[in-house]
Amino acid sequence: MSLGALGAWVLVLLAVFLTGRLWFRFVESILDRIRALLTRHREPPAWHPLPQEEDKEDPS
Amino acid sequence: MGFFSKLFKGPEVDMEKSSANAKKMRLLFDQVVENGGSYRLIFGYTEDVSRFNYGFVHGSKTKIGNLIVGWNEAEATIVAVPTVPDLSGCGDPTYYRRSEILKAYRNKYPTDAFVIYPDKKGYLAINAYDWLDDESLYVYVSQEEELAAFTDFFMNRFATK
């Protein structure tokens with residue numbers, strides 16, 4: 001196999017890989033939007049932020 | 001010499017970072033669990049693996065859920081508190097009292113996990129390791145001793161079979 005043919009084959013594989021990634025992201029974004037529409041009235045789960053530690057340095 | 005000895009030693013735990021995160025875990029846990037100080041803590045995580053098939057693209061996705069896991073030996077109770085790898089906050093706790101659960105056992109295959117069935121409808125599989133390096137996915141904490149203590153508690157005083 002010549003170097004040019006090898007390079008063309010790598011390019012084809014790269015194109016297939018990138019198309020697959022794009023298709024995956026596209027379908028995922030549509031599914032996320034559908035999920036968001038279906039669950040928009042649901043209350044988000046409770047979340048408690050990390051309490052800030054007060055600096056208790058001795059003033060003396 | 002110094003460079004190569006470091007190279008072959010592999011990754012080392014940053015104990016300062018680990019201790020800071022252990023303190024944050026304690027703060028979060030005590031904030032949401034009543035009498036939280038009576039519980040010992042480890043970090044654990046759950047894995048939710050789902051398969052997808054989008055036409056010519058198919059495979060599997062894994063969702064990781066971080067947990068602060070507390071256990072109280074006297075009350076034979078495990079508490080799981082959902083959190084995030086940077087420990088910026090946590091969700092509400094879920095209590096698993098030995099007297100109330102359906103069953104609990106340690107699973108070895110496909111992954112080493114502590115499995116708790118509160119009822120027939122669902123289960124919680126807690127994965128836990130001494131230390132996990134990937135800070136983007138897991139809480140950075142070294143917990144060799146605590147994990148050994150949790151394993152002993154789970155196997156000898158909590159597991160149902």
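Q: Strand 6 and strand 7 of chain B: parallel or antiparallel?
A: Antiparallel. This is a predicted model, and in it the two strands pair over five bridges. Strand 7 of chain B covers residues 113-117.

Q: Which residue is the bridge partner of B:Tyr105?
A: B:Val115, in strand 7 of chain B.

Q: What holds paired strands together, in general?
A: Strands of a sheet pair through backbone hydrogen bonds.

Q: How many strands are in that sheet?
A: Three, in the order 6-7-8 of chain B. The sheet is open, and its pairing is antiparallel.

Q: Which ones are the edge strands?
A: Strand 6 (103-107) and strand 8 (124-126) of chain B. Each of these pairs on one side only.

Q: And how are neighbouring strands turned against each other?
A: By 20° on average, ignoring direction.

Q: New topic. What's in the largest nonpolar core?
A: It has 35 residues. Those with the most contacts inside it are B:Met25, B:Phe29, B:Ile68, B:Val69, B:Ile78 and B:Val81.

Q: Which elements supply it?
A: Several in chain B give at least two residues each. Among them are helix 2 (15-32), strand 1 (40-54), strand 2 (57-72) and helix 3 (144-158) of chain B. Strand 7 and strand 8 of chain B also contribute at least two residues each.

Q: Why would such residues sit together?
A: In soluble globular proteins, nonpolar side chains tend to be buried together.

Q: Back to B:Val69. What does it touch?
A: Leaving out residues up to four places away in sequence, B:Val69 touches B:Leu41, B:Ile42, B:Gly44, B:Ile78, B:Ala80 and B:Ile126.

Q: Now the two chains. How many residues make the contact?
A: Eleven from chain A and 13 from chain B.

Q: Where does the largest share of chain A's side come from?
A: From helix 1 of chain A, with four residues. Strand 1 (48-49) of chain A gives two or more.

Q: What kinds of residues are on that side?
A: Nine nonpolar, two polar and no charged.

Q: Which strand of chain B does strand 1 of chain A join?
A: Strand 4 (residues 89-90) of chain B. Two bridges link them, and the strands run antiparallel. A:His48 stands opposite B:Cys90 there.

Q: Last thing: what are the confidence scores?
A: The model scores ipTM 0.82 and pTM 0.83. Mean pLDDT for chain B is 92, with 95% of its residues at 70 or more.

Q: Which element of chain B has the lowest mean pLDDT?
A: Helix 1 (residues 2-9) of chain B, at 68. Strand 3 (residues 77-83) of chain B has the highest, 97.

Definitions and conventions: Residues numbered from 1 in each chain as written. Chains lettered and ligands numbered in written order. Predicted model: local features only at pLDDT ≥ 70, side-chain atom pairs only at ≥ 80, totals over all residues. pLDDT = per-residue confidence, 0-100. Contact = placed C-beta atoms within 7 Å. Nonpolar A, V, L, I, M, F, W, Y, C, P; charged D, E, K, R; others polar. Pairing = 2+ DSSP bridges. Axes fitted to C-alpha atoms, helices over the stretch in contact; angles between N-to-C directions. Core = buried A, V, L, I, M, F, W, Y, C linked by C-beta atoms within 7 Å. Buried ≥ 20, exposed ≤ 12 C-beta atoms within 10 Å, placed from the backbone.
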